[in-house]
Amino acid sequence: DTGGGHRDDDDDDDENNTNEAPEVVLLDHEDYEELLATSIESNELLGASTNVSFLEEEEEENIKPKLRRVDTPIERVGTMQQKAKEAAAFANARTTIPVTTRQSYFYRTTQLRSDLQSRFALFAGPSSEKLGADVAHLLGLNANALSVGDFADGETAVHLRQSVRGKEVYVINSTTSIRALMELLLLISTMRRASAKRIIAVMPYYGYSRQDRRTAREPIAAADVARMLEAMGVDRVMCMDLHNDSLRGFFSPVTPVEHLLPGPVAAAYFHEEFCSTIFPDEEEEENDDDDASLEKKKKNYPKVTIVAAHEGQVARATAFRKVLQKLSGDEDIKMAFISKRREFGAQKEYEPMLVGDVKGRKCIIVDDIVNTGKTLVSGIELLAESGADGVYAWATHGVFHVPGNDAPQLIQGAKGLEFLLVSNTVTYEGLLPSKVRQLSIAPLLAEAIARALHNQSISGILNLDEVEKKGLKKRRYD
């Protein structure tokens, strides 16, 4: 029972409607339950974005789908005809494969202790299903299955396919839209009503985070989202690179907020890129610890300047520079920033001004969010005009998912840009251009979840004092 089966509805024949089908097929509450039961009995899929095979012996009201690593736990509700069309499109879709660092600088092996696995459940919402599948794989588990869809009147329908009673439940879902936010809220509510012991919302991208202060007759939407999450019964929240760290204060003291920062991982990726120019034939020399290799690396390491995209990004750029200095052993890495000069606060057009030395140096622009790409491109052009030897960029969140957003193409055409690196906190359906790369944050999330379950420090994940040249030695939690 999805909670809506008792609702009266006069339109019981919506599935026979000959009008053009919307993106998500709408079903009546009764049709939804009937299709759910039929799909389970016939071992068929409810949606196209999954590849689930059920166990031969099914427990009554406790179906346990067997998921492979590449599978996703999400099942979209739809008609059989629509399902076939979506399956074909999904199979032929070209998507960007996230990149990773070649070495493990900050992570342990994230396998969970066997005694914890039975008391733990991991769900991934539709906006983070691929990321959730990767996190589950790194934890050595299968992601739990759920069904998500819409009723005929547009209401969101969610259904957990497995019991969460007495378990510590993690639900991964970026709130990239109203739909995604509502799905997360209803998932938390469902888990609370299903007697989950603790519920942890993992939000790789915290939607509405830029609405974090009061202006005339406008809401503080970031605070309102926090209140809604608490009202639904969330016990803890994990976020990735909040637009403003003070957003953690929007939650009450009884709801701890873990703020994860992927900047050091991105710095390690750029470090490896620069090292590949020093050792072009090998990913990393085996005798990296000998004096000759260290001297060669120090002598040939490029001159680098870390550039904050604007004044508000100086702290992120400083932390990024610190990690790159630690990994490279080069103290000559400099700092610069681009100042936005506006005549008045609401002015949209502005003249960027560079503060710092970039001539003849490789520059890495650091920002937290890239949405339209206009600010980034103007910064790239300014650095190129100022004599930069090459321009790179890093932004945690590439918010390109809205249909019609041409930011990737705009960035692709930016002269002087080598590439932009963004994380996969926001799912992009399609193929990104060659100058836009996605960095996987699945290892960071898996490590954070494993540490939380083992009651270990989460902030210590990116402890630079523990970083070794060849990366941390992998260890299993014990």
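A salt bridge is a side-chain nitrogen of Lys or Arg lying within 4 Å of a carboxyl oxygen of Asp or Glu. In the structure examined here, which is a predicted model, Arg248 forms such a bridge with Asp245, and the closest N and O atoms of the two residues are 3.1 Å apart. Arg248 counts as partly exposed, with a relative accessibility of 34%, and Asp245 also counts as partly exposed, at 37%. Side chains of opposite charge can pair in this way when their charged atoms come close.

The structure holds 15 salt bridges, among them one in which the side chains of Glu258 and Arg236 meet with a distance of 2.7 Å from N to O. Because Glu258 belongs to strand 11 (residues 257-260) while Arg236 belongs to strand 10 (residues 236-240), this pair ties together parts that are 22 residues apart in sequence. Arg236 has a relative accessible area of 13%, and since buried means under 20% relative accessible area, Arg236 is classed as buried.

A further salt bridge is found between the side chains of Asp368 and Arg316, for which the N to O distance is 3.9 Å.

Two packed helices are described by the angle between their axes and by the distance between the axes. For helix 4 (residues 129-138) and helix 12 (residues 442-453), the angle is about 55 degrees and the axes are 9 Å apart; helix 4 and helix 12 are therefore oblique to each other. The crossing that helix 4 and helix 12 make is right-handed.

On the side of helix 4, the contact involves Leu131, Asp134, Val135 and Leu138, and these meet Ala442, Pro443, Leu445, Ala446 and Ile449 on the side of helix 12. Of the residues in this contact, 8 are nonpolar, none is polar and 1 is charged.

Methods: Residues are numbered from 1 along each chain as its sequence is written. This is a predicted model: local features need pLDDT of at least 70, side-chain atom pairs count only at pLDDT 80 or more; totals for chains, interfaces and linings use all residues. Side-chain values use heavy atoms; hydrogens and water are left out. Helices (H or I, at least four residues) and strands (E, at least two) are DSSP runs, numbered from the N terminus. Buried means under 20% relative accessible area, exposed over 50%, partly exposed in between (1.4 Å probe, protein chains only). Axes are lines fitted to C-alpha atoms, for helices over the stretch in contact, and angles run from 0 to 180 degrees between N-to-C directions. Angles under 35 degrees count as roughly parallel, over 145 as roughly antiparallel, 65 to 115 as roughly perpendicular and the rest as oblique. A crossing is left-handed if the near helix is turned anticlockwise from the far one by less than a right angle, and right-handed if clockwise. Contact means heavy atoms within 4.5 Å. Ala, Val, Leu, Ile, Met, Phe, Trp, Tyr, Cys and Pro count as nonpolar, Asp, Glu, Lys and Arg as charged, and the others, Gly among them, as polar.
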